[in-house]
Amino acid sequence: MIKSIFARITGAAIISATLSGPQALACTGGALTAKDGGVVVGRTLEFGTSLNSQLAVWPKGSAFTGTTETGSNGLSYTSTYGFIGATVDTNYDMIVDGLNEKGLNAALFYFPGYAEYAEVTPQNSAKGLSPAQVVTWLLASFDSVEAVKEHIDQIAVLPVKLDLLGAVPDVHYKVQDASGQAITIEPVGGALKVYDNPVRVLTNAPGFEWHLSNLNNYVNLTADYPKSETLGDLELQPFGVGAGALGLPGDFTPPSRFVRMVFFTQNIPEQPTTDAAVSTLFHLLNNFDIPFGSNASPPGTAETEPEITTWTAVSDLQKLHYHWKTYGHQSVLVVDLHEALKQAGGKLLTREMGPQDTSAVSHSTPVGMK
């Protein structure tokens, strides 16, 4: 029941963020742990213009250099671990969501109106990364959430424009490892602030602490079937299943999606195996598919059409399998990271994820009758 989560997040601070600014890129992420100990992490990706994400497999020993707006190079580093991830178009060093060979998952989520990046200085340029390059650095460099916490001050996230948007993307990050531990990283006041994430859920604006505090508005929600009540001679009965969750927000705003995903992941029965957890997490994420035409994009932004769920991905942190489906290909595909790294042979390996724009049609597979 959703009530059970509040004992684990008591003391969450209420912050004074306002709900101003365009609420774009309606991504939703969550996680499950199976009875066999396997951890699976999944998310949706929405945008009003196709990101045309590709899959990139980077082997151990790959070299990367951060981007700054000053024309000078940012942080230069070599990957300690091989990893796979979904990119921003053919910018293969810009990973939106991915998995490394140690079972670390990292993902970027939009954070419109709330990201406060560091000002560029001669001192921080040398350790600078653009907002879209941070996930790549995390996957290339660390094997656990604890290691990320210890070294997060080694980078400066600088306000670098993304060509696809023509603007600096406001983002925050979710990181989770094979132990099940999860954190949220947000650029606040020019520094990166790390929050433990007990619910393993992330959406968008406002700040993460606000979302945790907002859960207090929903302590009444339960998956249990409500008891009947009697008012004098009148007996009152629930109309049907789901009555215990009456009041669960169903709209597409980030606060509502956050509450909904917490409710789903906290109430799902424990999955017997990691494979079952992967399948079940896709079912949960289906609830966050944004139908084409159901929302209008914010005016004056790079989003030219209403948002849709362009792709959905689930990482198996035990088997190191990366599963995904796209708007135009609803059958789930999977890459085994171990095998992909062997195939890469020490070089960057890429492939298309599948059609992702609104004109794409997911075709059914013909079958015969016996």
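Biologist: Where is the place of aspartate 89?

Modeller: Aspartate 89 sits in the loop between β6 (83–88) and β7 (91–100). Keep in mind that this is a predicted model.

Biologist: Why is aspartate 89 called partly exposed?

Modeller: Its relative accessibility is 26%. Buried means under 20%, and exposed means over 50%. Aspartate 89 at 26% falls in between, so it counts as partly exposed.

Biologist: What is phi of aspartate 89 near?

Modeller: Phi of aspartate 89 is near 55°. That is a positive value, and the residue is not a glycine.

Biologist: Which value does phi of arginine 200 come near?

Modeller: Arginine 200 has phi near 60°, again positive in a residue other than glycine. This arginine lies in the loop between β13 and α3.

Biologist: What makes arginine 200 count as buried?

Modeller: The cut-off for buried is under 20% relative accessible area. Arginine 200 has 15%, so it counts as buried.

Biologist: Which peptide bond is cis?

Modeller: The bond from alanine 205 to proline 206 is cis. How do you know? Its omega is near 0°. Proline 206 belongs to the loop between β13 (191–196) and α3 (208–214).

Biologist: How many residues apart in sequence are tyrosine 218 and valine 241?

Modeller: They are 23 residues apart in sequence. In space, their C-alpha atoms are 18 Å apart.

Biologist: Is asparagine 216 buried or partly exposed, and what makes it so?

Modeller: Asparagine 216 has a relative accessible area of 47%.

Biologist: Why does serine 130 count as buried?

Modeller: Serine 130 has 4% relative accessibility. Buried means under 20%, so serine 130 qualifies. The residue lies in the loop between β9 (128–129) and α1 (134–141).

Biologist: What is serine 130 in contact with, leaving aside its neighbours within four places in sequence?

Modeller: Serine 130 then touches Thr67, Met94, Val157, Leu158 and Val160. Threonine 68 is 62 residues from serine 130 along the chain, and their C-alpha atoms are separated by 6.6 Å.

Biologist: Why is proline 187 called buried?

Modeller: Proline 187 has a relative accessible area of 2%. The cut-off is under 20%, so proline 187 is buried. This proline is part of strand β12 (residues 182–188). Beyond its neighbours within four places in sequence, its contacts include Phe111, Tyr114, Val171 and Leu192.

Biologist: Let's turn to the whole chain. What does its secondary structure come to?

Modeller: The protein chain has six helices and 19 strands. Buried residues make up 53% of its 370 residues.

Biologist: How do you know that the radius of gyration agrees with a compact globule?

Modeller: A compact globule of 370 residues would have a radius of gyration near 21 Å. The protein chain has 21 Å, so the two agree.

Biologist: What share of the contacts with a separation of 6 or more comes from residues 24 or more positions apart?

Modeller: In the protein chain, such residues account for 70% of those contacts.

Biologist: How many positive and negative side chains does the protein chain have?

Modeller: There are 21 positive and 35 negative side chains. The centres of the two sets lie 6 Å apart.

Biologist: What pLDDT does the protein chain average?

Modeller: The average is 90, and 91% of the residues score at least 70.

Biologist: Where does pLDDT stay under 50?

Modeller: It stays under 50 over residues 1–23. The model has 51 contacts beyond four places in sequence for that stretch. Where pLDDT is low, predicted coordinates should not be read in detail.

Notes
Residues numbered from 1 in each chain as written. Predicted model: local features only at pLDDT ≥ 70, side-chain atom pairs only at ≥ 80, totals over all residues. Heavy atoms only, no water. Helix = DSSP H or I, 4+ residues; strand = E, 2+ residues; numbered from the N terminus. Rg over C-alpha atoms; globule rule 2.2 N^0.38 Å. Buried < 20%, exposed > 50% of the residue type's maximum accessible area, 1.4 Å probe, protein only. Contact = heavy atoms within 4.5 Å. Lys, Arg positive; Asp, Glu negative; His and termini not counted. Charge placed at Lys NZ, Arg CZ, Asp CG, Glu CD. pLDDT = per-residue confidence, 0-100.
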